[in-house]
Amino acid sequence: MSRIYLPWNASKRQLKEAEDARKNRGEIVKALSQGQVSRRDLMKWGLFTTAGLLAPIGGLNPFVGSARADGGSSIPTGAPPSPLFGAKPFTQPMGRFDVLPRHPISYLSPAPTAQANQTMQSVPAVLGGGMGPIEGRPPGPIWAHQRFNEYYPSVCVEAFQSPATTNYTYNPLVASSLNSGMVAGQALPLQFHPSMPVQSPSSVWTFNGTIPPKLVQARYGEPILFRHHNRLPADVTQNGGFGRNTISTHEHNGHHGAENDGFTGAYFFPGQFYDYHWPVVLAGHYSMNTGATDRRASSPDGSGGLNLVAGDWHETMSTHWFHDHMFSFTSQNVYKGNAAMFNIYSGLDRGNEAINDGVNFRLPSGTTNDWGNLDYDVNLMLADKAFDQSGQMYFDIFNFDGFLGDVMTVNLAYKPYFEVERRKYRFRILNASVSRFFKVALCDASGNSKQMIQIANDGNLLPRAVPLSALDEQGIAERYDVVIDFSQAGVGDKWYFVNLCEHQDGKKPAKDLTLSDSLSGKSQDPCVGRFLEFRIVRNPAKPDQSQVPATLIPNPDLSAIPVARVRNFVFGDGANQTANDPIAAFIGPWGVAVDGGKMLNADFNRISAAPKYGTREVWNLINGGGGWDHPVHIHFEEGQILARNGSLSNVPAWERGRKDVYRLRPSGSITITMQFRDWGGMFMEHCHNTVHEDNAMLLRWELSGGGSPFLAPLPTPIPSPQGVTFENPIQG
Ligand SMILES: [Cu+2]
């Protein structure tokens, strides 16, 4: 009964009981999220079984009592359907992402510093009072930005994590004709559809408190300072029943030092900021092509040419996102709105389709600016949401299998439409759900399948572009970039993105439907079927100059680098906790077993693997059971998949490039290889079904080897509003 729904024709009694049960469960989520009770308390009181499941108590669990007495639907029911207030699909435009302004570094006040800024300010009484630092980054040289002066930021971007408010500064950086008529600067109240209620400040917390979601544009060789301010309520109880007011921002899968990785234990408090230094460098820059002589390792110079950069051009990345990583609250915080996207431009993937320099792939984008044109390059954030009977967004952690919403959104808009021209477009599709997988297909208004070309997976351009009529299942946090050619359609036609992947709970996809079954409404999962309407509205004003080369970025050849070590990670349930650390340790049913050891719950003070800096390893990621799937994310280094279930022949064409999220599939396994280089410190590996991650399928790994402080075990930060203290890590 994670969050699957009573049918619309359920009896009044059934709906009332489900709503009462939802409210009662909501009270517990609220008490947990506000720190009034702990998960240990709930177990002690018998509200959770030791497996973390909601105990069979009437009034809490809709399986108990009469709610299921009449048999109902074949799908378990957990809550009444979200009310839509009459909103119909495809009646509102899809807002393009809101681009955060880039400023010269001198714009920031106070100026950024290599070590955390420990200027003191007064702390609100509700956070304990006294004085505390203005920056929440752990202090001192061991948490200073690595090689800050070498990669001194030339650009800054500032964002304010804030309660929901109206957007008065919307800037998609495209003309309204390319944004379904939406105009820059038009006031945008925070609502998922004009017919649905405006969200209250405590229901939704986003970057700047507004929608559409935010986009940061970056290019290689141009280090960025991202200053993230926490403007959430200081009072932890002012959260609308879910979400935690402390945050840690992970640039997924940034190749930079651990101090900028959004470590799950390096969170900061309301009233503080955290300076994230994103150097935007190619992997390998410290050891190969150090003289920056290869034109393919490059970046747009702003005037038609290239700035050459150090590193391996095969490691060029394109489509990232950044999101909260607060320990044991990631699912609630990301769901509540802490998710944005990050496009990285390069000589290869320039965001200009006209420049013909022998390096630029000329992918669909536009021609106006030297780089980063968004005209025909569209970010899409897919997420399922749920609403209470008053139309406010809500979250239910019951049970720990995962959380599913019943309202499908794109760019935080309920089933919108998007106007396109008869030409090629690039779409950067992010799965920003909590527990839901998608499987996206393309069709016309008659339900005929249409072709897409997948060009990237997890932000890495593929060795070869792959034509497809439906994408693979897309796990949480995976990014699939596709090109669609609308020139095959006529003006006035409508095409659709369709979700084929049905869930019955948060553990894994139940099944993938055929296109015709998805369109027929056979599924009781409200997120199956059409979710985005493309309206082909005109011929392009200028000819489409874009290209989709068959060959994009081959994988780095690691065959000459010896494998220093093989490690095994089993992801499963029934895990144990070995520590009693009130801050760093957590309990839950989920865990990871490393190299034949016990299945352990998360403890960010425990180092579970320590690969040697400068080496290459092989990691086996193994699903401990057949009843669930896990999209496993490894921070910091891109991996190449060597095998699925023991064989390379099981690895499809679209998984032959580099990746950072690996769907294990039920009872499946994945073998990957990675190099560890360039930066040091503590990183994470976890399931990106964020309910699994929060309950406690997460581990810390650390780079080891040699003298510098970042290549020895780092002390673990223990944040407080009055300043960060440290404790010594344990080896696990
Ligand atoms: Cu998982």
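The chain has five helices and 42 strands, both taken as DSSP runs, with helices being H or I of at least four residues and strands E of at least two. Its radius of gyration, taken over C-alpha atoms, is 24 Å, close to the 27 Å that the globule rule gives for 732 residues, so the chain is as compact as a globular protein of that length. That rule is 2.2 Å times the number of residues to the power 0.38.

A word on the model. It is predicted, so local features need pLDDT of at least 70 and side-chain atom pairs count only at pLDDT 80 or more, while totals for chains, interfaces and linings use all residues. Residues are numbered from 1 along each chain as its sequence is written, and side-chain values use heavy atoms, with hydrogens and water left out.

Along its principal axes the C-alpha trace spans about 70 × 65 × 55 Å. Of the 732 residues, 65% count as buried, meaning under 20% relative accessible area with a 1.4 Å probe, protein chains only. Take contacts next, that is, heavy atoms within 4.5 Å. Among those with a separation of 6 or more, 75% come from residues 24 or more positions apart.

Cys687 is buried at 0% relative accessibility, and His692 is buried with a relative accessible area of 0%.

Conventions: Buried means under 20% relative accessible area, exposed over 50%, partly exposed in between (1.4 Å probe, protein chains only).
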